[in-house]
Amino acid sequence: MDISLSLVAREASQGLSPGLNGFPRPAPPKTTKKPKKAVLFFEVEILDAKTREKLCFLDKVEPQATIAEIKSLFTKTHPQWYPARQSLRLDPKGKSLKDEDVLQKLPVGTTATLYFRDLGAQISWVTVFLTEYAGPLFIYLLFYFRVPFIYGHKYDFTSSRHTVVHLACTCHSLHYVKRLLETLFVHRFSHGTMPLRNIFKNCTYYWGFAAWMAYYINHPLYTPPTYGAQQVKLALAIFVLGPRPGRSRTLPRTPSRGSSCWCPVPTIPTRWGPGLALPS
């Protein structure tokens, strides 16, 4: 009994709680800390695809880093090349890597070599469609109001006496106002972009066609359609009830965009224009 009491007193002095029947509890097993796994970082070397000049060297890049993150790191050393302008590839003449590609899943070693190409200045898809839609709307109204230097001074700011001309202007304007509103509030765009140089090619087509159509419809010598009101009513019905132009479709993947998106397709109301206001 004295031995048990002495053991209890000794355990209590060491800060240990006594077990059953006064005997000391066994010491808890020591937990061994697991050694942390060493993280294997990558080194990324970015060369110019044309000259093979070294543009950037990135040290300690995480294996899970995506191409989009590498582009952001590259932008820190070359601010003039923001991510949308960059095309990174494994081969100088190969395909561009996708933004979502992961570094460790690419066929590269711990020292990866990527080749850079400048895609040029980029603009957002919202800006592209706003520009393409606003142009035909504005251009058509210039011919409708007969601003100077179009039809001659004696016709400046005169108005057509034919009702169908005003109806054509109303339909054309509603068409593009609707497209502008859809671009701003309905259609969803990705964060992709388009090269700025392409906007001039696109606008030349859409703006030029609108000017060609508006010139003849609003001409002072314009005469109503051959079949009169019946032709006008038929064309108006097609405009109101016919298939909607500019339906949304998926844009294909391109190096400049990097991802597909849903967006409207710019159109010109050619399905009703000739029938509604084509002169006889």
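Is R146 buried or exposed in this structure? R146 is buried, with a relative accessibility of 6%. The model is a predicted one.

**Helix packing**

- Two packed helices are described by the angle between their axes and the distance between the axes.
- Helix 3 spans residues 125-144, and the axes of helix 3 and helix 4 come within 9 Å, crossing at roughly 165 degrees. Helix 3 is therefore roughly antiparallel to helix 4, because angles over 145 degrees fall in that class.
- The crossing of helix 3 with helix 4 is left-handed.
- Helix 5 comprises residues 196-217. The axes of helix 3 and helix 5 also come within 9 Å, but they cross at roughly 20 degrees. Helix 3 is therefore roughly parallel to helix 5, because an angle under 35 degrees counts as such.
- Helix 3 and helix 5 pass each other in a right-handed crossing.

**Salt bridges**

- Side chains of opposite charge can pair when their charged atoms come close.
- Five salt bridges are present in the structure; among them are the pairs described below.
- D118 and R85 form a salt bridge in which the closest N and O atoms lie 2.7 Å apart.
- D118 is partly exposed at 36% relative accessibility, and R85 is buried, its relative accessible area being 17%.
- K54 pairs with E45 in a salt bridge whose closest N and O atoms are 3.4 Å apart. E45 has a relative accessible area of 19% and is therefore buried, because the buried class covers values under 20%.
- Within helix 4, K178 and E182 are four residues apart, about one turn of the helix. Their side chains form a salt bridge with an N to O distance of 2.5 Å.
- K178 is partly exposed, with 35% relative accessibility, whereas E182 is buried at 15%.
- A network of salt bridges links K178, R179 and E182.

**Nonpolar surface patch**

- V177, L181, L184, F185 and V186 make a nonpolar surface patch of about 500 Å².
- One of these residues, V186, is located in the loop between helix 4 (163-185) and strand 6 (193-195). The relative accessible area of V186 is 56%, so this residue is exposed; the exposed class requires a value over 50%.

**Positive phi angles**

- K60 has a positive phi of about 55 degrees, although this residue is not a glycine. K60 is part of strand 2, which covers residues 54-61. With a relative accessible area of 60%, K60 is exposed.
- R146, likewise not a glycine, has a positive phi of about 55 degrees. The location of R146 is the loop between helix 3 and helix 4. In terms of accessibility, R146 is buried, at 6%.

**Residue pairs separated along the chain**

- V165 lies in helix 4 and is buried, with 1% relative accessibility. V165 and A214 are 49 residues apart along the chain, and their C-alpha atoms are separated by 9.8 Å.
- T183 is another residue of helix 4, and T183 is buried with a relative accessible area of 2%. The C-alpha atoms of T183 and W125 are separated by 9.4 Å, and these two residues are 58 residues apart along the chain.

Conventions: Residues numbered from 1 in each chain as written. Predicted model: local features only at pLDDT ≥ 70, side-chain atom pairs only at ≥ 80, totals over all residues. Heavy atoms only, no water. Patch = residues over 30% accessible without salt bridge, like charges linked within 9 Å, V, L, I, M, F, W, Y side chains within 5 Å. Areas by Shrake-Rupley, 256 points an atom, 1.4 Å probe, with all protein chains shown as cover. Salt bridge = Lys/Arg side-chain N within 4 Å of Asp/Glu carboxyl O. Helix = DSSP H or I, 4+ residues; strand = E, 2+ residues; numbered from the N terminus. Buried < 20%, exposed > 50% of the residue type's maximum accessible area, 1.4 Å probe, protein only. Axes fitted to C-alpha atoms, helices over the stretch in contact; angles between N-to-C directions. Parallel < 35°, antiparallel > 145°, perpendicular 65-115°, else oblique. Left-handed = near helix turned anticlockwise from the far one by under 90°.
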